[in-house]
Amino acid sequence: MARLTLIRPGESLANAERRFTHGPHEPLSRRGRDEAVARGRSVAERFAPVALYASPFVRALETARLIGGSLGLDPIVVDALREQDFG
C-alpha cells in the first residue's frame, strides 16, 4: 500500500523573529534546521520512503534536504507544491 506523508517546513528566520512573510526566499533558523534533522530521523525510524518531494521555496527545500540526509534521498523539486495565494 502506498502512503503519503506531509511534513511542514521547519521554523524560518521570519518565524523566529515573529515576522510575517509570504516570500519564497526565507531560510530556516537554527531551530528549524534542528527540527528538520530530528524529523528526518523520526521518519527513517518509522517508514521506508522511496521518494521525497519539496516545493522550490528555500525553507521547504532546505527542510527536505536535511530530512533526505537521514533517508538517503535527494528531494525532487515540484513547482506545483509552492504556496498558493488566492487574494
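Leucine 6 lies in the segment before H1. Helices (H or I, at least four residues) and strands (E, at least two) are DSSP runs, numbered from the N terminus. The model is predicted: local features need pLDDT of at least 70, side-chain atom pairs count only at pLDDT 80 or more, and totals for chains, interfaces and linings use all residues. Residues are numbered from 1 along each chain as its sequence is written, and side-chain values use heavy atoms, with hydrogens and water left out. Leucine 6 is exposed, with a relative accessible area of 74%. Here exposed means over 50% relative accessible area, buried under 20%, and partly exposed in between (1.4 Å probe, protein chains only). Between the C-alpha atoms of leucine 6 and threonine 63 there are 12 Å, with 57 residues separating the pair along the chain.

The protein has 3 helices and 2 strands. From the N terminus on, their order is α-α-β-α-β. Along the principal axes, the C-alpha atoms fill a box of roughly 40 × 30 × 15 Å. Buried residues account for 30% of the 87 residues. Of the contacts between residues at least 6 apart in sequence, 56% join residues at least 24 apart. Contact means heavy atoms within 4.5 Å.

The largest nonpolar core holds 8 residues: Val43, Leu52, Ala54, Leu61, Ala64, Ile67, Leu71 and Leu73. Such a core is a set of buried Ala, Val, Leu, Ile, Met, Phe, Trp, Tyr and Cys residues joined through side-chain atoms within 4.5 Å. H3 gives the most to this core, with 4 residues. Alanine 64 is in contact with Leu52, Ala54 and Pro75, leaving aside its neighbours within four places in sequence.

The largest pocket has a volume of about 740 Å³. The lining of the largest pocket comprises 24 residues, with Leu4, Thr5, Leu6, Leu52 and Tyr53 nearest its centre. Strand S1 (53-54) and helix H3 (58-71) are the elements that give two or more residues to this lining. H3 supplies the largest share, 5 residues. By class, the lining of the largest pocket has 19 nonpolar, 3 polar and 2 charged residues. Ala, Val, Leu, Ile, Met, Phe, Trp, Tyr, Cys and Pro count as nonpolar, Asp, Glu, Lys and Arg as charged, and the others, Gly among them, as polar.

On a 1 Å grid over the protein atoms alone, a pocket is an open set of points where a 1.4 Å probe fits, with protein on both sides within 12 Å along at least five of seven lines; lining residues have an atom within 4 Å of a point. Grid points are joined across faces, edges and corners, and a volume is the space filled by probe spheres set on the points.

The second largest pocket holds about 260 Å³ of space. It is lined by 14 residues, of which Arg8, Ser12, Asn15, Arg59 and Glu83 are the closest to its centre. The lining of the second largest pocket divides into 3 nonpolar, 4 polar and 7 charged residues.

Two residues of the loop between H1 and H2 were examined. Proline 24 is found in the loop between helix H1 (13-16) and helix H2 (30-46). Proline 24 is partly exposed, at 25% relative accessible area. Not counting residues up to four places away in sequence, proline 24 touches Phe57, Val58 and Arg82. Proline 24 and valine 58 are 34 residues apart in sequence, yet 6.0 Å apart in space, C-alpha to C-alpha. Arginine 18 is also found in the loop between H1 and H2. Its phi is near 60°, a positive value in a residue other than glycine. Arginine 18 counts as exposed, at 79% relative accessibility.

Glycine 32 lies in helix H2 and counts as buried, at 0% relative accessibility. Leaving aside neighbours within four places in sequence, glycine 32 is in contact with Gly10 and Glu11. Glycine 72 lies in the loop between H3 and strand S2 (76-77). Glycine 72 is exposed, with a relative accessible area of 69%.
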